[in-house]
Number of protein chains: 2
Amino acid sequence: MAPGVTLKTVAQAVGVSPSTVSNAYNKPDQLSAALRERILSTAQELGYAGPDASARALRSGKAGAVGVLFTDKLAYAFSDPYAVGFLAGLAEVAEEFATSLLLMPLSSTDIQGGTNAVQQAAIDAAAIFCVAGAHPGLDILRARNIPMVSTDRGDHPDLSWVAIDEVEAAAKLGKHLARLGHRDIVVLVDNAKAAGTQPVEMTLDEVGYTDCELRIRGLQKEMPDARIRLVSGGHNAFSSGLIGAEWVLDSQDRPTAIVGLSDVLALGAMEAMKARGLVPGRDLTVAGFDDIPQAETAGLTTVRQPIKDKGRAVGRVLLDPSVEDRQILLPTELVVRASSGPAPRN
Amino acid sequence: MAPGVTLKTVAQAVGVSPSTVSNAYNKPDQLSAALRERILSTAQELGYAGPDASARALRSGKAGAVGVLFTDKLAYAFSDPYAVGFLAGLAEVAEEFATSLLLMPLSSTDIQGGTNAVQQAAIDAAAIFCVAGAHPGLDILRARNIPMVSTDRGDHPDLSWVAIDEVEAAAKLGKHLARLGHRDIVVLVDNAKAAGTQPVEMTLDEVGYTDCELRIRGLQKEMPDARIRLVSGGHNAFSSGLIGAEWVLDSQDRPTAIVGLSDVLALGAMEAMKARGLVPGRDLTVAGFDDIPQAETAGLTTVRQPIKDKGRAVGRVLLDPSVEDRQILLPTELVVRASSGPAPRN
DNA sequence: TCGTTTTTCTAGAACGATCTAGTAGAACGA
DNA sequence: TCGTTCTACTAGATCGTTCTAGAAAAACGA
């Protein structure tokens with residue numbers, strides 16, 4: 001916009017009040033078509049690009065954007081096919097409502113003061129994607145009174161969320177593994193604290209992130225007699241699954257099945273097996289969660305959740321005022337592929 | 001934020017001027033530590049969540065966000081691994097600068113008036129991802145005087161861009177194909193207009209999108225004697241490659257090689273071959289551009305470009321004021337895999 | 001013809017911050 | 001002691017809109 005050209009400039013040039021120019025853009029039925037035409041063309045001549053975004057947002061209270069908050073680093077979101085699928089669904093709905101998507105990074109360093117992105121974000125609402133309850137970004141959004149929809153179930157009846165029944169989902173897989181005779185399981189867990197270090201074995205209490213905990217409980221429920229160990233090779237990524245599984249496979253005490261709490265972790269485990277000449281489903285069973293596109297290619301047994309639908313549903317709850325149901329449970333389905341097979345008898 | 005609580009409220013409660021409260025958040029060295037502490041804690045008590053994003057953006061002229069503009073539908077961006085890789089790189093740098101990423105949809109319907117996302121976007125700068133020169137969103141951003149960095153080379157010396165030498169990249173592939181004896185090529189082209197209809201054969205003029213045109217010219221350069229036909233099955237996606245290739249393979253007049261102008265198109269073509277019992281690299285050569293992760297798995301010959309670096313570089317040029325070089329050419333590399341082989345002699 | 005409704009436009013106050021310019025007092029140096 | 005610099009804070013204008021309330025003119029109904 002030619003510098004210094006504002007609504008007022010245009011108004012003066014046309015000889016009308018600023019309100020009328022504003023109406024020309026926002027409420028075309030409030031003025032005669034002829035005048036509107038005249039205003040718009042004068043605006044064009046002057047190089048006026050339409051009402052300033054920030055000023056409009058300030059005065060009207062609508063930013064025309066919804067925020068998205070992730071765990072960990074923002075860049076990870078794009079290396080995780082599950083997150084990408086979610087975003088695709090969310091973007092679809094955002095598009096429908098002519099609303100932008102604001103992806104907010106939050107390096108824990110700059111929480112103090114007003115210089116962090118969550119603080120600065122001009123948004124009307126926010127999608128909370130797989131973020132643990134204690135995340136500092138959550139506190140900021142809560143303090144800002146910004147409506148939120150989470151991908152995790154919350155206890156409170158006022159919360160909005162779109163989620164799956166994590167326990168049930170995991171129970172489906174647990175039942176499958178139990179039937180196949182598995183009684184010695186390693187679960188690969190997402191754990192940011194373990195990143196960059198050696199893989200670590202952890203207790204259920206240490207897992208922290210509620211979803212993971214629920215999935216583990218679901219497995220335990222259907223496999224009460226099994227030994228279930230928890231191992232983490234870092235944050236939720238292929239490489240962590242690889243590292244974690246390498247550690248497990250090279251140990252003296254191999255399980256008969258490895259369960260990744262997400263497909264990327266499980267795919268990493270398959271890679272580790274391949275490198276050791278082990279065949280998934282024969283030598284060792286591998287299974288995951290989510291059913292990302294690559295899971296099918298790799299023949300990974302997994303618990304499918306409709307991730308794109310999840311994104312769409314979150315978008316609807318965020319943006320469509322006519323949506324009544326603000327707590328939505330999506331279905332899951334066990335998808336059995338070649339990576340799971342009977343436990344070797346000994 | 002507790003409704004009605006503003007800077008002013010806090011200022012009154014503490015007994016200082018609004019400016020001082022503002023400084024407590026933005027310029028900590030402008031006031032005594034003790035007072036700042038007092039202000040911050042009073043703010044917390046009152047439920048004040050920090051300076052309002054829109055108001056701050058309006059007054060200071062900084063939004064703390066950069067926009068990203070895509071071709072076509074926003075949701076497509078997430079189904080394209082190339083776009084996802086770009087975003088990952090961009091997000092990395094955005095994170096570094098505590099800046100959010102605003103993904104702007106632009107349905108062509110609501111260009112008129114002030115209700116479209118590009119118009120409403122509160123951003124300091126914008127990344128233009130593979131957008132043709134005539135895109136309406138571009139015009140709006142230009143009118144708004146928003147600094148832009150494009151992933152396409154522009155002619156004008158003032159433009160900022162991070163790109164590859166498209167002609168040279170394609171020439172590398174062309175040389176490879178020529179050496180293998182291919183003289184009858186079909187190029188799968190991204191074309192939004194062809195979407196949803198039958199695949200169409202088109203002329204170079206109809207392609208429109210500059211990058212595509214340049215790649216085709218690069219191929220022609222090294223294969224002056226070859227017959228090169230252009231076919232589109234729709235927009236840039238796996239399914240379009242599949243559909244386009246099916247049409248080509250089922251025609252009377254099969255080429256000896258199919259070149260996708262992106263890897264997703266080429267991967268679609270490989271799928272079409274597989275379904276017909278044809279082996280890429282033996283029965284027919286397939287090649288692509290970009291070298292997305294799936295290309296390696298599939299054994300696709302392609303021209304690699306460092307897509308994540310592209311995202312990073314765009315981020316730097318957008319956000320780092322110390323970056324001098326605003327026109328960056330990234331290297332490309334021919335990656336030969338199993339999908340390309342000698343042309344059958346006849 | 002006259003009152004009523006509708007259309008079209010406007011004045012002026014917000015919205016909630018940050019910026020510029022400046023003041024009062026403390027600290028300093030000689 | 002006095003001028004100077006520094007620190008800590010403030011008054012008031014300003015960013016560019018949209019909103020509320022209302023006025024003037026036009027159209028309408030009887």
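Modeller: Start with a definition: a residue is near a molecule or strand if its C-beta atom, placed from the backbone, lies within 6 Å of it. This is a predicted model, where local features need pLDDT of at least 70, side-chain atom pairs count only at pLDDT 80 or more, and totals for chains, interfaces and linings use all residues. Residues are numbered from 1 along each chain as its sequence is written, while chains are lettered from A and ligands numbered from 1 in the order in which they are written.

Biologist: How many residues surround DNA strand C, and which are the closest?

Modeller: 25 residues surround DNA strand C. The closest are A:Thr20, A:Leu31, B:Thr6, B:Ser22 and B:Arg59.

Biologist: What divides the residues of the surface near DNA strand C into classes?

Modeller: Ala, Val, Leu, Ile, Met, Phe, Trp, Tyr, Cys and Pro count as nonpolar, Asp, Glu, Lys and Arg as charged, and the others, Gly among them, as polar. The surface near DNA strand C has 11 nonpolar, 10 polar and 4 charged residues.

Biologist: What about DNA strand D?

Modeller: Around DNA strand D there are 27 residues, and A:Leu7, A:Ser22, A:Arg59, B:Thr20 and B:Leu31 come nearest. By class, the surface near DNA strand D has 11 nonpolar, 11 polar and 5 charged residues.

Biologist: Why is H1(B) called roughly perpendicular to H2(B)?

Modeller: Their axes come within 8 Å and cross at roughly 105 degrees. Angles of 65 to 115 degrees count as roughly perpendicular, so H1(B) is roughly perpendicular to H2(B).

Notes. Axes fitted to C-alpha atoms, helices over the stretch in contact; angles between N-to-C directions. Helix = DSSP H or I, 4+ residues; strand = E, 2+ residues; numbered from the N terminus. Parallel < 35°, antiparallel > 145°, perpendicular 65-115°, else oblique.
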